[in-house]
Amino acid sequence: MSSAADTEPPPPLLALPADISLHVLSYLSLHDLCHLRLVCRRIHAFFEAHEEPIYHQAAIYHHFVRPQTSLEDVADAHEPWLGGVRDWKELCRRWLTLERNWDGRGFVREGGFRPSEDTVIDFEIDEEQRTAISLSRKGGLSVRALEDGRLLWALSSQYVATARCELSNGFLVFMAKHSGLEIWRRAADVHSTVLRRRGQVVHTPVVTPSPAAIRDFQVQAGVLAPVATDSNRGHFVPHAYVDISHDMGAIRLLRVVYPLLAYVCFNSPNDITVVDVTSGEVLWGVSVGQGPMVGMSPRFTFPPTQDCVAMDLDLTREHLCVCMYAVVVVFRLPAHCSSDDSDAMPPSSDADPPDMLVLGDVDTPAARQTTAHLLMLSAADRTEPAPVAIHGVSLPVVATARGQDVLERFDIVPPSLSAQRANMHALIPANAPRTQPGFVCARFSPDGKHLVAATAFGLLYFAWDFARVERGVPFSEITEYLLIDEPLREVSWDSELRRLAVRTAWEDVYIVAINASYHSSRSRSNTHHDPSPSSSPRLTISKDAAAYRLLDFSNRELFGWARGQGVPFQGMQMTRTALWLVWDVALLAHAVAKREAGAVGEHNTDPAPGKYPSSISVSTGAGWRMVLTVDDDAGEAVSGVGSVCFVDFTPDL
């Protein structure tokens with residue numbers, strides 16, 4: 001006997017042919033789909049019968065994947081956090097969970113590797129091989145496994161005495177002791193990956209008669225470097241050597257973005273050289289300050305040559321960025337630099353100097369601060385994340401915590417009208433020396449379309465789609481400003497144009513979320529449904545943006561203590577699932593212990609109010625535990641030794 005529900009006419013959605021119903025559902029968000037599925041049994045059954053196309057369309061709608069991308073390709077491209085995904089519904093679940101964790105509405109893991117005797121001063125995370133490559137203050141380069149900190153490969157302190165290393169597409173570059181640059185290549189790629197450049201197969205090593213042929217001392221160092229011999233994971237082999245003429249002096253800055261390498265020498269601080277990392281061939285050179293200036297108003301005066309000292313470099317396949325204290329200059333690279341055409345020719349030696357896209361400021365830093373967006377502490381969001389069971393954790397973990405306990409959220413708000421009006425009527429003394437903007441670093445976005453620059457006065461300059469400057473649009477019309485209100489030191493983009501990590505000189509770390517609802521489970525009211533492969537978010541901090549301060553990686557009470565140890569902590573890298581940075585593990589464990597002790601005090605009715613346990617045992621993974629005294633003096637927990645630490649946003653995937 002049939003039920004009344006079976007005799008009722010089908011819902012209007014199901015009265016349509018199945019393919020049309022699926023097309024209608026492709027315009028709904030996951031939030032809407034979840035509610036629609038609960039309307040009646042027939043719709044629920046329709047979802048059960050067509051689960052794969054429905055959630056595939058939802059993944060495209062929320063920009064998790066592009067159309068025509070297979071599930072297998074997505075899982076392979078995002079190992080390991082999407083490893084083992086068997087259907088589109090599970091992919092959507094993991095992606096949304098990751099987004100919730102980044103937004104402080106889920107869980108995060110914090111931790112760090114067991115510190116060595118010396119401070120790490122720079123590092124690179126090799127996601128493909130799951131290793132950490134680090135340089136120490138006393139010299140030496142080491143490669144360790146991310147899962148347990150095991151040493152896999154190393155170069156001695158007698159061989160490597162440098163403060164900077166770069167990794168891109170398997171090529172490791174660092175400054176040599178012999179007035180040059182050493183280029184090494186990931187050993188696993190040499191025989192398993194066929195790499196082509198300019199129509200030719202890239203062979204390792206580069207040999208004579210090339211001037212970039214490897215040197216004998218590189219070969220000897222390569223023989224002694226492997227520590228773990230059971231596999232070539234984390235191993236590198238000599239690839240090339242870039243000899244720097246002695247009249248240029250030692251190398252001051254370098255930056256590698258495959259297939260290009262750029263560097264600046266101490267004796268020629270205004271000259272930048274671009275090299276092909278696969279061959280060691282010098283491709284191009286440019287001097288800052290010689291070409292026509294584009295992007296600034298006629299009132300702006302380019303700083304004198306003696307003030308054009310590079311503070312930072314960055315590269316894309318099309319542009320070179322030189323960050324100086326007074327200005328940020330962007331050059332378009334000649335076509336032959338990134339072209340794979342073997343017949344591409346460099347510009348002639350008598351060609352006119354290239355245009356300089358100049359990002360500067362005619363206002364003082366104090367005046368600019370009044371027109372910048374501000375951080376405003378958000379009202380506490382006490383939404384409790386669902387409890388999760390953590391399985392298979394292999395990283396050296398200090399603690400797994402609720403995101404709202406370790407991420408302090410700030411809304412990004414526009415400047416007040418009163419402050420802007422006051423700035424418009426401010427009097428500036430005639431002939432007064434102009435205060436420079438104080439740029440300290442600049443980074444291109446991963447797609448090479450946008451540029452962010454950080455200043456010593458706490459300002460971030462966001463130049464959106466800066467190539468428009470080449471078409472006559474001034475930087476003032478495309479640039480937004482954000483005031484962090486702390487002197488800034490370094491920035492790092494994630495791989496999805498969604499977030500930017502900012503480190504301050506006051507030992508604070510912020511994560512700036514841009515276009516926060518881009519992957520939201522709810523309907524996107526500010527964007528139309530565009531499933532085309534070229535669709536991308538319009539980036540802005542004017543709306544739908546927020547910032548998060550990492551509470552356990554803050555050390556305002558001991559500002560400058562790292563510098564007192566001889567070197568500030570430097571080095572920060574964002575991946576899709578984690579933020580990596582150099583930090584004191586003991587200080588991190590102390591912050592975790594105080595927070596956990598506070599939580600114990602909140603739920604323990606036996607001690608007197610305000611009394612917390614005097615000590616707490618904190619696990620750091622790999623069988624290592626620390627017992628810390630819980631008090632208000634963070635100085636007691638400082639070891640002064642920086643190691644590679646992390647905030648991982650995949651504890652419940």
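Predicted model: local features only at pLDDT ≥ 70, side-chain atom pairs only at ≥ 80, totals over all residues.

Student: OK. How many helices and strands does the protein chain have?

Tutor: There are 16 helices and 36 strands in the protein chain.

Student: And what share of the residues is buried?

Tutor: Of the 653 residues in the protein chain, 52% are buried. As for contacts with a separation of 6 or more, 65% are between residues 24 or more positions apart.

Student: Now helix 2. Which of its residues are buried?

Tutor: Helix 2 covers residues 18-25, and its buried residues are Ser21, Leu22 and Leu25. They sit on the same side of helix 2, because they cover an arc of only 100° around the axis.

Student: Why would residues a few places apart point the same way?

Tutor: An α-helix has 3.6 residues a turn, so residues three or four places apart point the same way.

Student: What covers the buried residues of helix 2?

Tutor: The cover includes helix 3 (30-37), helix 4 (41-49) and helix 5 (51-61).

Student: Take helix 5 then. At what angle do the axes of helix 2 and helix 5 cross?

Tutor: Their axes cross at roughly 30° and come within 9 Å. Angles under 35 degrees count as roughly parallel, so helix 2 and helix 5 are roughly parallel to each other. The crossing of helix 2 with helix 5 is right-handed.

Student: Which residues meet there?

Tutor: From helix 2, Leu22, His23 and Leu25 meet Pro53, Ile54 and Gln57 of helix 5. By class, the residues of this contact are four nonpolar, two polar and no charged. Leu22 and Leu25 are also on the list of buried residues of helix 2.

Student: What about helix 3 and helix 4, at what angle do they pack?

Tutor: Helix 3 and helix 4 pack at about 125°, and their axes are 8 Å apart. That angle makes helix 3 and helix 4 oblique to each other.

Student: Which residues make that contact?

Tutor: Helix 3 brings Leu33, Leu36 and Arg37, which meet Ile43, His44, Phe47 and Glu48 in helix 4. The contact of helix 3 with helix 4 has four nonpolar, one polar and two charged residues.

Student: Different topic. Where is tryptophan 506?

Tutor: Tryptophan 506 is in the loop between strand 29 (499-504) and strand 30 (509-513). With a relative accessible area of 35%, tryptophan 506 is partly exposed.

Student: What does phi look like for most residues?

Tutor: Most residues other than glycine have a negative phi, and most peptide bonds are trans. Aspartate 544 has a positive phi too, near 55°. Aspartate 544 is in the loop between strand 30 and strand 31 (546-550), and counts as partly exposed at 27% relative accessibility.

Student: Which peptide bond is cis, then, and where is its proline?

Tutor: One of them runs from threonine 204 to proline 205, with omega near 5°. Proline 205 lies in the loop between strand 10 (200-201) and helix 9 (216-224). The bond from tyrosine 258 to proline 259 is cis as well, with omega near 10°. Proline 259 is in the loop between strand 12 (251-257) and strand 13 (260-265).

Note on methods. Residues numbered from 1 in each chain as written. Heavy atoms only, no water. Buried < 20%, exposed > 50% of the residue type's maximum accessible area, 1.4 Å probe, protein only. Helix = DSSP H or I, 4+ residues; strand = E, 2+ residues; numbered from the N terminus. Arc of directions from axis to C-beta. Contact = heavy atoms within 4.5 Å. Axes fitted to C-alpha atoms, helices over the stretch in contact; angles between N-to-C directions. Parallel < 35°, antiparallel > 145°, perpendicular 65-115°, else oblique. Left-handed = near helix turned anticlockwise from the far one by under 90°. Nonpolar A, V, L, I, M, F, W, Y, C, P; charged D, E, K, R; others polar.
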